[in-house]
Amino acid sequence: RDDLVTGVQTCALPILLQITIGFIGLTLLAVPLSAKRSAINYRDILIAIAFQILLAFALIKVPVIIKIFSYLSEGVIALQAATTQGTTFVFGYLGGGNAPFMDGGSGSSLIFAFGILPLIIVMSCLTALLWFWRILPFIIRAFSKVFEKLFNIGGPIGLGATANIIMGQVEAPLLVRPYLSKMTKKELLILMTAGMSTVSGSIMIALVMMLQPQFVDVNLIQHLITASILSIPAAIMYANIMIPSNEVTEFDADAVPKIYESSMDAITRGTRDGLEIALNVGAILIAFIALVSLVDSILGLFPMVGDAPLSLQRILGWIFAPIVWLMGVPWSEATEAGKLLGIKTALNEFVAYAQLAVIEDGLLSDRTKLITLYGLCGFANFSSVGILVSGIGAMSPERKKDLIDISIKALVGATLASCMTGLVIGIF
């Protein structure tokens, strides 16, 4: 028994050291992009990290919260079953109905376009309805109040940033549209960084269905929601590092703006928005996976490296391996996990999650898979930069230059924020 305890202590020490180096390294990576390094408040950074650790503990270890997430997980299963009823009616056996032939057992019977994308439409509709009924605004405003007090941010940016836990990266700024022209550069940076370091509720549901075979007996909805919640304080922390400022924009009236006129308006507009998101996701997957294959074909013409052909995934794995190690992943698995983080940054989080869903057994440990799940949970990629600049710029044209100026800071900050959530979850 004493030998076992000694062995555990010997193993735990390097992990603890790696985690400590990870917190320091992931924080320092943002310092070179700071507009005024001498003004960085390192005390606030320590408070933000400590808060993320406490928040992670509460979200994944407190029994009451675990029970709530178990109910949400059952709700996701019910939502999937309800969606299947609709897809079966519209698409027949392609949407989950009985096939008019014998299943040979080769390959997957799940068709992504008919089995997963419709979930985005249904969840978007449901989210809009819950928003009109004031259920989601109450939850978001409660989180927002905590972040406002803890990080000294104003009501508009607290609401706009926190809304990203449920809403998309362009939809969330709509809630604070009247205040965009008044916001400081730091507040705009928080808004963009929070938008790219989280995923919307409708996307979460699709990811749960896609990743379930890889994460057996894991409450995926709990972890994806936790990842988005933890990313908000991380995003605020990185924005404070890159643009230190104490200026605050406040509400004229402390209220959540009204979006929908009625329940039917919420259902119809939510369905329309969900359809647009689903089509966009499907189109991006087709185009980006084809581009990856094309790039790999070109790289295959080069000499082999390490008895294996060059590929985009291998190159991205080498580049991102050090960052993944800072997240707490063992070096022996850092290159494989780095491939996924690189794909997410260069291409799209859906493409990266699709690769994680089919990764070979034994390449990544269960712990590394979970850390990687958190690191990928966000819209931080180059296409999102363009989406945010054009989307928020259309709401407030006079701020478009400021949005362009801070766009790279936002991309780096959002990527690091998601990595920080992976590091925090690795502690537990």
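A crossing of helices is left-handed if the near helix is turned anticlockwise from the far one by less than a right angle, and right-handed if clockwise.

**Ground rules**

I am looking at a predicted model, so local features need pLDDT of at least 70 and side-chain atom pairs count only at pLDDT 80 or more, while totals for chains, interfaces and linings use all residues. Residue numbers run from 1 along each chain as its sequence is written, and side-chain values use heavy atoms, with hydrogens and water left out.

**Entry 1: α3 and α5**

I began with helix α3 (residues 63-91) and helix α5 (residues 117-132), which pack at an angle of about 115 degrees with their axes 10 Å apart. That angle makes α3 roughly perpendicular to α5. For my own use: angles under 35 degrees count as roughly parallel, over 145 as roughly antiparallel, 65 to 115 as roughly perpendicular and the rest as oblique. The axes are lines fitted to C-alpha atoms, for helices over the stretch in contact, and the angles run from 0 to 180 degrees between N-to-C directions. The helices themselves are DSSP runs (H or I, at least four residues), numbered from the N terminus.

The crossing of α3 and α5 is right-handed. I listed who makes the contact (heavy atoms within 4.5 Å): Leu79, Gln80, Thr83 and Thr87 from α3, and Pro118, Leu119, Val122, Met123 and Leu126 from α5. Sorted by class, the contact of α3 with α5 has 6 nonpolar, 3 polar and no charged residues. The classes put Ala, Val, Leu, Ile, Met, Phe, Trp, Tyr, Cys and Pro as nonpolar, Asp, Glu, Lys and Arg as charged, and the others, Gly among them, as polar.

**Entry 2: Leu119**

My cut-offs are under 20% relative accessible area for buried, over 50% for exposed and in between for partly exposed (1.4 Å probe, protein chains only). Leaving out neighbours within four places in sequence, Leu119 is in contact with Leu79, Gln80, Thr83, Ile205 and Met209.

**Entry 3: α9 and α11**

Next I turned to helix α9 (residues 185-196) and α11, whose axes come within 9 Å and cross at roughly 140 degrees. This crossing of α9 and α11 is right-handed. On the α9 side I noted Lys186, Leu189, Ile190, Thr193 and Ala194, and on the α11 side Ile232, Ala235, Ile236, Ala239, Asn240 and Met242. The contact of α9 with α11 comes to 8 nonpolar, 2 polar and 1 charged residues.

**Entry 4: α14 and α15**

Helix α14 (residues 331-346) and helix α15 (residues 349-357) pack at about 155 degrees, with axes 7 Å apart. α14 and α15 are therefore roughly antiparallel to each other. α14 passes α15 in a right-handed crossing. Here Leu340, Ile343 and Lys344 of α14 meet Glu349, Val351, Ala352, Gln355 and Leu356 of α15. I get 5 nonpolar, 1 polar and 2 charged residues for the contact of α14 with α15.

**Entry 5: the core**

Which residues touch the most other members of the largest nonpolar core? I wrote down Leu211, Tyr238, Tyr353 and Leu356, out of 134 residues in that core. Its largest share, 16 residues, comes from helix α11 (residues 220-242). A nonpolar core here is a set of buried Ala, Val, Leu, Ile, Met, Phe, Trp, Tyr and Cys residues joined through side-chain atoms within 4.5 Å. With neighbours within four places in sequence left aside, Leu356 is in contact with Leu211, Gln214, Phe215, Leu340, Leu364, Leu373 and Leu376.

Gly160 sits in helix α7 (residues 155-162) and is buried, with a relative accessible area of 0%. Not counting residues up to four places away in sequence, Gly160 touches Ala172, Val176 and Leu191.

Ser200 is in the loop between α9 and α10, and is buried at 5% relative accessible area. I set its C-alpha atom against that of Leu28, 172 residues apart along the chain, and got 28 Å. Beyond neighbours within four places in sequence, Ser200 is in contact with Asn164, Ile166, Met167, Gly168 and Phe379.

**Entry 6: positive phi**

Most residues other than glycine have a negative phi. Asn152, in the loop between α6 (135-151) and α7, has phi near 55 degrees, a positive value. Asn152 is partly exposed, with a relative accessible area of 47%. Asp217, in the loop between α10 (201-211) and α11, has a positive phi of about 60 degrees. I have Asp217 down as exposed, at 79% relative accessible area.

Terms used: Helix = DSSP H or I, 4+ residues; strand = E, 2+ residues; numbered from the N terminus.
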